[in-house]
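Please show the model to be discussed. The dialogue that follows works through how to read its features.

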Amino acid sequence: MAFLEDGNHTAVTEFILLGLTEDPVLRVVLFAIILCIYLVTVFGNLSTILLIRVSSQLHHPMYFFLSHLASVDIGISSSVTPNMLVNFLVNQNTISYLGCGIQLSSAAFFGASECFLLAAMAYDRFMAICNPLLYSTKMSSQVCVQLVLGSYIGGLLNASSYIFCFFSLPFYGQNRVNDFFCDFAPLVELSCSDVSFFAVVTSFSSGSVTMITVFVIAISYSYILITILKMHSTEGRHKAFSTCTSHITAVTLFYGTVTFIYVMPKSSSSMDQNKVVSVFYMVVVPMLNPLIYSLKNKEIKGALKRQLHKKILS
């Protein structure tokens, strides 16, 4: 049952996700494309995690953070993609009230965790380039574990605000969500009460995560740029900059899409635009991250060649 009687109101017990399109041909095409993307995402990120674990050459703080970034990327994609694939195959995709809350909180948790991990990786590059003599001390195993735990705690706090707001909102009658997953913005439109307080809470939570992490990344790279410009050796500049290119690319892709959704002016077609951009940063970006690091990082490419060589010889 989609509704339950609650006094004079009919409470929603499940939601209908409208998805990306109603065109049957386009649904089949999108199913095939997104299924391939999801398989590449899971395989690519799992391969990155496994390679970092088995290669002693990659047992450094930067790759420790990268392995957790790969785990979070799998989480982000898995929180929405399987359900979206089902949506392409059925005429009406429903999700329970509890399932909707779990999906919303999962996306909020993994999204915020990725922001904090990207900030931690920027700090790691700052220490490696600007304070190389203190790097081993300042970025010890204990510090790295604390930064990762802090990233997950930050993600949990962000998810908690969304959980609180979702389960505090009353839903009566309307249950058709104009999105491919349970995002907060289209859910708010279905609520029959004053949502201003809950909108402020979630905006403050996600805005704080974005502002804090962007500030850390911007300050870190400001100092990195100053340090690189002070280097007299062209080779030294190139080597220092090359260690940051993969991270800069990942940051640009992730924050660029998030900024488009939450900062760009709204229009009548903004909901459809947001759906497309959400697909990009929740489905496509998690696939691109392992490709970015494997193609641009010489140490990962070298470790991969050594592991493949060992397998061939064995």
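Q: Which residue in β4 stands opposite I16?

A: I16 faces T94 in β4. The model is predicted, and local features require pLDDT of at least 70, side-chain atom pairs count only at pLDDT 80 or more, and totals for chains, interfaces and linings use all residues. Residues are numbered from 1 along each chain as its sequence is written, and side-chain values use heavy atoms, with hydrogens and water left out. Helices (H or I, at least four residues) and strands (E, at least two) are DSSP runs numbered from the N terminus.

Q: In what sense do β3 and β4 pair, parallel or antiparallel?

A: Strands of a sheet pair through backbone hydrogen bonds, either parallel or antiparallel. Pairing is assigned if DSSP finds at least two bridges between two strands. Here β3 (residues 14-17) and β4 are antiparallel, with four bridges; E14, for instance, has S96 in β4 as its bridge partner.

Q: In what order do the strands of the open sheet lie?

A: The order is β4-β3-β5, three strands with mixed pairing. β4 (93-96) and β5 (176-177) are at the edges with a single partner strand each, so one side of each has no neighbour in the sheet. Between β3 and β5 the pairing is parallel, over two bridges, and I16 has R176 as its bridge partner in β5.

Q: Which strands does helix α2 lie across?

A: Contact means heavy atoms within 4.5 Å. Axes are lines fitted to C-alpha atoms, for helices over the stretch in contact, and angles run from 0 to 180 degrees between N-to-C directions. Helix α2 (residues 61-89) lies across β3 and β4, at about 140° to β4. Helix α3 (residues 97-130) also packs on the sheet, touching β3 and β4, and its direction makes about 85° with that of β4.

Q: Are C100 and C182 buried or exposed?

A: Buried means under 20% relative accessible area, exposed over 50%, and partly exposed in between (1.4 Å probe, protein chains only). Both C100 and C182 are buried. C144 is buried at 4%, and C165 is buried at 0%.

Q: What does S113 touch, leaving aside residues up to four places away in sequence?

A: S113 lies in helix α3 and counts as buried, at 0% relative accessibility. Its contacts beyond that sequence range are V72, S151, Y152 and G155.
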